[in-house]
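Biologist: Could we go through this structure together, step by step? I would like plain answers that I can check against the picture.

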Amino acid sequence: MILTGSATNVTSATTLNRATRVRVGATNAGTVTIAAATGTFNAQSAVAGAAITISSHGFVTGDEVTYSDGGGTAIAELVDGANYFVISVDANTINLAAVNEGPAIVLTDGPSESHTLTATRTHAGTVVLVQNDVIFIDKMPGDTIACSAAMSCTAVGNQP
């Protein structure tokens with residue numbers, strides 16, 4: 001939904017990635033992109049038992065993710081293209097479970113190839129924002145919002 005109006009009452013852009021619904025206003029026309037949370041890791045160095053280390057992963061417990069072996073060899077306990085559920089340990093470490101709220105899967109170190117986890121429940125997409133217009137954006141907690149370089153785009157506020 002696009003609402004015509006002024007974007008002069010903007011606040012800090014830091015709230016863009018924290019809320020699940022934000023109003024975004026732009027002083028210049030441009031593109032707003034919502035991206036799904038994605039984490040890439042080296043299976044040989046980033047896997048230790050159930051723990052997978054992905055710096056600043058952005059996932060929250062309960063997120064459903066799709067595992068990709070990156071075209072290489074899959075970790076023995078995971079299936080390329082299958083969905084798993086995240087158990088967030090801290091900002092840089094997660095575990096995976098076969099079912100939501102299930103036990104963590106203990107993993108064997110995999111080959112030193114790039115493996116990826118991508119959130120499946122996302123509002124990823126792109127929208128063009130007209131100068132001085134304001135839009136509502138719904139996003140999942142792990143989604144990130146970015147505005148094109150030509151824009152001055154900040155969060156106006158969190159919405160219910």
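**Overview of the chain**

Modeller: The chain has one helix and 14 strands; helices (H or I, at least four residues) and strands (E, at least two) are DSSP runs, numbered from the N terminus. This is a predicted model, in which local features need pLDDT of at least 70 and side-chain atom pairs count only at pLDDT 80 or more, while totals for chains, interfaces and linings use all residues. Residues are numbered from 1 along each chain as its sequence is written, and side-chain values use heavy atoms, with hydrogens and water left out.

Biologist: What percentage of the residues in the chain is buried?

Modeller: Of the 160 residues in the chain, 38% are buried. Buried means under 20% relative accessible area, exposed means over 50%, and partly exposed lies in between (1.4 Å probe, protein chains only).

Biologist: Which percentage of the contacts joins residues at least 24 apart?

Modeller: Among contacts between residues at least 6 apart in sequence, 75% join residues at least 24 apart. Contact here means heavy atoms within 4.5 Å.

Biologist: Let us take an example. Where is F41 found?

Modeller: F41 is found in strand β4 (residues 38–42). F41 counts as buried because its relative accessibility is 4%. Not counting residues up to four places away in sequence, F41 touches a list of residues including Y67, I75 and L117. T53 is also on that list; F41 and T53 are 12 residues apart in sequence and 7.2 Å apart in space, C-alpha to C-alpha.

Biologist: How far apart are R23 and I135 in sequence and in space?

Modeller: R23 and I135 are 112 residues apart in sequence, and their C-alpha atoms are 5.5 Å apart in space. R23 is in strand β2 (residues 21–26), and R23 is partly exposed, with a relative accessible area of 27%.

Biologist: Now the loop between β6 and β7. Is H57 buried or exposed?

Modeller: H57, which has its place in that loop, counts as buried at 5% relative accessibility. Leaving aside neighbours within four places in sequence, H57 is in contact with S88, D90, A91, N92, T93 and I94.

Biologist: Where is the place of S88?

Modeller: S88 is in strand β8 (residues 83–90), and S88 is partly exposed, with a relative accessible area of 27%. The C-alpha atoms of S88 and H57 are separated by 9.1 Å, although the two residues are 31 apart along the chain.

Biologist: What is the phi of S56?

Modeller: S56 has a positive phi of about 50° although it is not a glycine. Most residues other than glycine have a negative phi. S56 is found in the loop between β6 (51–53) and β7 (64–68), and S56 counts as exposed at 61% relative accessibility.

Biologist: What about the phi of E101?

Modeller: The phi of E101 is near 65°, a positive value in a residue other than glycine. E101 is in the loop between β9 (93–97) and β10 (114–119), and E101 counts as exposed at 78% relative accessibility.

Biologist: Changing topic, how many salt bridges does the structure hold?

Modeller: The structure holds one salt bridge, a term for a side-chain nitrogen of Lys or Arg within 4 Å of a carboxyl oxygen of Asp or Glu. The side chains of E64 and R121 meet in this salt bridge (3.9 Å, N to O). The pair links distant parts of the chain, 57 residues apart: E64 is in strand β7, and R121 is in the loop between β10 and β11 (125–129).

Biologist: Is E64 buried or exposed?

Modeller: E64 is buried, with a relative accessible area of 17%, whereas R121 is partly exposed at 43%.
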